[in-house]
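Morning, everyone. Please look at the model on the screen while I talk.

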Amino acid sequence: MDTGILILRLLVGLLVAGHGVQKISSHLGGKGLEGGTEEFRADGFRGGALTALAAGGGQIGSGLLLAAGLLTPLAATGAIGVMTVALTVKWSHGLWVQNDGYEYPLVLIGTAAALAATGPGAWSLDAALGLTPYPLWWAGLALVAGLGSGLLTRLVLHRTAAPATAER
């Protein structure tokens with residue numbers, strides 16, 4: 001079981017972190033901070049570069065923590081939060097990814113929640129530091145806080161009108 005959890009943590013954590021790297025740099029196929037900023041503006045978010053930096057930093061941080069199995073409930077909360085924002089952006093396209101739907105963010109949300117529920121496994125920094133096992137209620141807290149923070153971010157930062165071209 002620990003091997004499976006390790007593989008899942010590494011896969012999902014590094015993908016989430018890589019997605020964040022793309023938001024703020026030209027690495028891993030990203031378009032740099034300018035491209036990340038433009039992506040958020042095109043999706044109707046205000047905040048410009050600060051929004052892209054916060055999202056990218058949140059994805060990098062939560063992804064690396066998940067991959068390392070360090071502070072797993074906090075890492076899951078962060079991943080769930082940023083992927084909830086992504087889910088809201090893709091919601092109008094329906095579920096399936098071939099239609100630019102929310103399938104992929106939903107899988108990452110579910111995986112992060114499952115990792116919070118199972119714990120990071122024996123081959124993790126949490127285990128090495130004696131932080132495990134986490135009580136099961138941490139998984140519920142991670143899910144609620146992650147979903148709540150993502151929805152609040154969407155509510156606060158998303159424009160209701162068309163984006164202004166002069167905003168920076």
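Is aspartate 100 buried, partly exposed or exposed? Aspartate 100 is partly exposed, with a relative accessible area of 38%. Buried means under 20% relative accessible area, exposed means over 50%, and partly exposed is in between, using a 1.4 Å probe and protein chains only.

A word on the source. This is a predicted model, where local features need pLDDT of at least 70 and side-chain atom pairs count only at pLDDT 80 or more, while totals for chains, interfaces and linings use all residues. Residues are numbered from 1 along each chain as its sequence is written, and side-chain values use heavy atoms, leaving out hydrogens and water.

Now, salt bridges. A salt bridge is a side-chain nitrogen of Lys or Arg within 4 Å of a carboxyl oxygen of Asp or Glu. The whole structure has two of them.

Aspartate 100 pairs with lysine 90, and their closest N and O atoms are 2.6 Å apart. Lysine 90 lies in helix α4 and aspartate 100 in the loop between α4 and α5, so the pair ties together parts that are 10 residues apart in sequence. Helices here are DSSP runs (H or I, at least four residues), numbered from the N terminus. Lysine 90 is partly exposed too, at 24%.

Next, glutamate 39 and lysine 23. Their closest N and O atoms are 3.1 Å apart. Glutamate 39 sits in helix α2 (residues 32–42) and lysine 23 in helix α1, 16 residues apart. Glutamate 39 is partly exposed, with a relative accessible area of 38%. Lysine 23 is buried, at 7%.

On to the inside. A nonpolar core is a set of buried Ala, Val, Leu, Ile, Met, Phe, Trp, Tyr and Cys residues joined through side-chain atoms within 4.5 Å. The largest one has 20 residues, and Leu66 and Ala112 have the most contacts inside it. Helix α4 gives the largest share, seven residues. Another core lies apart from it, with five residues, including Phe40 and Val85.

Which residues does leucine 66 contact, beyond its neighbours within four places in sequence? Contact means heavy atoms within 4.5 Å. Among the partners of leucine 66 are Arg9, Val12, Ala76, Ala112 and Leu115.

Last, look at α3 and α4. Gly58, Ser62 and Leu65 are among the α3 residues that meet α4, and Ala75, Gly78 and Val82 are among those in α4 that meet α3. That's the tour; questions, please.

Conventions: Helices (H or I, at least four residues) and strands (E, at least two) are DSSP runs, numbered from the N terminus.
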